[in-house]
Amino acid sequence: MYTDWLIDRLRCPETLNMLEYNGSNYESGAKVFKVKNDILSIVYPDDLGGDDAKYNKFYNLLAPLYDLNERVMGKLLAGVDMIKGRQQIISFLGLKPGMKVLEVSPGPGVFQKFLRNDIGEKGELVALDLSMGMLLQCQKRNKSLNVQLIHGNAQFLPFADNSFDALYHFGGVNLFNDPQKAISEFIRVVRKDGIVSWGDEGFSDNYKHERRKKLMLKINPGFAKPRPIVPDSVYDVKENEVYDGLGYLVVAKKL
Ligand SMILES: C[S@@+](CC[C@H](N)C(=O)[O-])C[C@H]1O[C@@H](n2cnc3c(N)ncnc32)[C@H](O)[C@@H]1O
């Protein structure tokens, strides 16, 4: 189910100690992390609070309809072709065949065919989300893409330092309890000179459609959230406009 490479990189999200595989589950000291539906659940903390708890309930419920809702609403409210937008987002990453990539917060896996396409069969594709409902959608939708799914929290990633060649995240920054902590975790698990990227909703400065803007802000106040500060542990920082100016994607390299 998980490759030896990934098993080697798995860590307890609280202590970052190595895990032992006991034939069905993973252990670290007295803690046991269970595998259910072929997905390792390694969420920390056990009791989610604040926005993490609120959005987790919401996304578990929305999971089966998420993609349809995004595509229809994107077109109707903002005139955006979400599928083209997603493909463009992944092209900004500059991935190469054979890379080991972590996608954080994949939702139902709408980017995974583009990610797999860029890294090829030999690349490792791992995806971590806090919503088990979303991960089950990834499993259903992307059976042939060989994605290794992990149930976890973006702010406490269960991986060793410097594990991945690239990390991609879109759409959770505005939801996390502590977006800055999540970004420092993204950087921690990527190797030196590896690619770190994150983004979310947020109008670009030259977004001209004032009526659409007002309507979208009413539906989703996340559009008005401040963007997290880009830490100085990355270089070569590029901020891209995505989805026709409705969102942004930071792409940088780890120092
Ligand atoms: C708006 S959806 C984005 C899905 C997909 N990346 C996209 O852009 O279409 C937000 C996703 O973030 C996940 N999420 C929310 N809080 C999280 C957390 N603390 N850790 C990991 N994932 C989280 C949700 O479960 C959901 O799948």
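Predicted model: local features only at pLDDT ≥ 70, side-chain atom pairs only at ≥ 80, totals over all residues.

User: How is burial read? Is Ser105, for instance, buried or exposed?

Analyst: One counts the other C-beta atoms within 10 Å of the residue's own; a residue is buried if there are 20 or more, exposed if there are 12 or fewer, and partly exposed in between. Ser105 has 23 C-beta neighbours inside 10 Å and therefore counts as buried. Ser105 is located in the loop between β6 (100–104) and α5.

User: What of Ala154: where is its place, and is Ala154 buried or exposed?

Analyst: Ala154 belongs to the loop between β8 (147–151) and β9. Ala154 is buried because 25 other C-beta atoms lie within 10 Å.

User: Which residues does Ala154 touch, not counting residues up to four places away in sequence?

Analyst: Such contacts show which parts of the chain are brought together by the fold. Ala154 touches Val104, Ser105, Gly172, Phe176, Ala182 and Glu185 under that condition. For the pair Ala154 and Val104, the separation is 50 residues in sequence and 6.6 Å in space, C-alpha to C-alpha.

User: May we compare this with another residue of that loop? Where is Phe156 found, and which residues does Phe156 touch beyond four places in sequence?

Analyst: Phe156 is also found in the loop between β8 and β9. Its contacts, with residues up to four places away left out, are Pro13, Tyr44 and Glu185. Phe156 has 17 C-beta neighbours inside 10 Å, so it counts as partly exposed. Phe156 and Leu16 are 140 residues apart in sequence, while their C-alpha atoms are 9.4 Å apart in space.

User: Where does Asn177 lie, and with which residues is Asn177 in contact once its neighbours within four places are set aside?

Analyst: Asn177 lies in the loop between β9 (164–170) and α7 (179–189). With those neighbours set aside, Asn177 is in contact with Gly50, Asp51, Asp52 and Gln155. It is partly exposed, because 17 other C-beta atoms lie within 10 Å. The C-alpha atoms of Asn177 and Arg211 are separated by 30 Å, the two residues being 34 residues apart along the chain.

User: How are two helices described together? At what angle do the axes of α4 and α5 cross?

Analyst: One gives the distance between the axes, the angle and the handedness. The axes of helix α4 (residues 82–91) and helix α5 (residues 112–119) come within 9 Å and cross at roughly 35°. The crossing of α4 and α5 is right-handed. Arg86, Gln87 and Ile90 in α4 meet Phe114, Leu115 and Asp118 in α5. This contact comprises 3 nonpolar, 1 polar and 2 charged residues.

User: Which residues other than glycine have a positive phi?

Analyst: Ser105 is one of them, with phi near 65°. Another is Tyr243, at about 45°. Tyr243 sits in the loop between β11 (234–242) and β12 (247–254), and it is buried because 22 other C-beta atoms lie within 10 Å.

User: Finally, which residues does a cis peptide bond join?

Analyst: The omega angle identifies such a bond. A cis peptide bond joins Tyr44 and Pro45, with omega about -5°. Pro45 is found in the loop between β5 (39–41) and α2.

How values were computed:
Residues numbered from 1 in each chain as written. Axes fitted to C-alpha atoms, helices over the stretch in contact; angles between N-to-C directions. Helix = DSSP H or I, 4+ residues; strand = E, 2+ residues; numbered from the N terminus. Left-handed = near helix turned anticlockwise from the far one by under 90°. Contact = placed C-beta atoms within 7 Å. Nonpolar A, V, L, I, M, F, W, Y, C, P; charged D, E, K, R; others polar.
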